[in-house]
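Reader: Could you take me through this structure, please? I would like to begin with the strands and then move on to the charged side chains.
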Amino acid sequence: MATDPLESAEIPQRRLLQSIVEVARSVFGAAAASVLLVDEENGDLVFEAVAGEGEHHLLGTRFPGGTGIAGWAMVSGQPLVIDDVSENPRFARKAAEFTGYVPRSIMAAPLICAGDCVGVLEVLDRDSRQRCDLGDMASLGLLATEMATVLELLLQLRSRDAEHGARAGKARLPRLDTALLQRVAERLPTASEQVGATVAKLLVMADELLADDLPPDGDG
């Protein structure tokens, strides 16, 4: 069996990743949002965090790299918004049926770290509020950029834990830009107060989890 891309991550780090997926789902009022990471051993896409539809059974599920719209985003390195998957040849219906949920629309954006695609942020069936697709694409891109920062953090934390050295303990790690994520939510013109409150709460939780994992100043 191939290695889980984040199998050595601590539970708080996994909660951090999950909280950002929850933010993505809340921002777009979506039926589901997920992060699929690329398994370096074989190129598979693996569900690492899921909010909404499939959250109780999809974690760890994998598909060959390049599968479906998420696979297209991974290979091309470009985000895309598909309002009707039934009319798009990139949609992998059999793969969707295997997950137990067949969406009507999909948004997907690659997660880029150090120039490489390490995963995909996917949003299924965003709500029906009238919005410009370009605005949704921009918001999705901002979320994906911040998600990539989180993944970079997790990789550095894993490396630090493996080294067990004083220099590793003093490593300067990227901080989660909660203000950026809040601005993403505020950019949605019809975002409700409930959505805004949910996003704010999740951002606070994410920032606290991140602070718990960072070494104290002067520790070494």
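Reader: In which sense do β1 and β2 pair, and over how many bridges?
Author: β1 and β2 pair in the antiparallel sense, over seven bridges; two strands count as paired if DSSP finds at least two bridges between them. Ala-33, for instance, has Ala-51 in β2 as its bridge partner. Please keep in mind that this is a predicted model, where local features need pLDDT of at least 70, side-chain atom pairs count only at pLDDT 80 or more, and totals for chains, interfaces and linings use all residues. Residues are numbered from 1 along each chain as its sequence is written, and side-chain values use heavy atoms, with hydrogens and water left out.

Reader: And what is the strand order in the open sheet?
Author: The open sheet has six strands in the order β3-β2-β1-β6-β5-β4, with antiparallel pairing. Its edge strands are β3 (62-63) and β4 (80-82), each of which pairs on one side only. Strands (E, at least two residues) and helices (H or I, at least four) are DSSP runs, numbered from the N terminus.

Reader: Switching topic, how many salt bridges are there?
Author: The count is four, taking a salt bridge as a side-chain nitrogen of Lys or Arg within 4 Å of a carboxyl oxygen of Asp or Glu.

Reader: Which side chain does Arg-62 meet in a salt bridge?
Author: Arg-62 meets Asp-39, at 3.0 Å from N to O. Because Arg-62 lies in strand β3 and Asp-39 in the loop between β1 and β2, the pair ties together parts that are 23 residues apart in sequence. Asp-39 and Arg-62 also belong to a network of salt bridges that includes Asp-44.

Reader: Is Asp-39 buried or exposed?
Author: Asp-39 is buried, with a relative accessible area of 3%, whereas Arg-62 is partly exposed at 27%. Here buried means under 20% relative accessible area, exposed over 50%, and partly exposed in between (1.4 Å probe, protein chains only).

Reader: What about Asp-83, which residue is its salt bridge partner?
Author: The partner is Arg-126, and the closest N and O atoms are 2.9 Å apart. Asp-83 sits in the loop between β4 and α3 and Arg-126 in the loop between β6 and α4 (133-163), so that distant parts of the chain, 43 residues apart, are linked. Asp-83 is partly exposed at 44%, while Arg-126 is buried at 13%.

Reader: And which residue does Arg-104 bridge to?
Author: Arg-104 forms a salt bridge with Asp-125, the closest N and O atoms being 4.0 Å apart. Arg-104 is exposed at 59%, but Asp-125 is buried at 6%.
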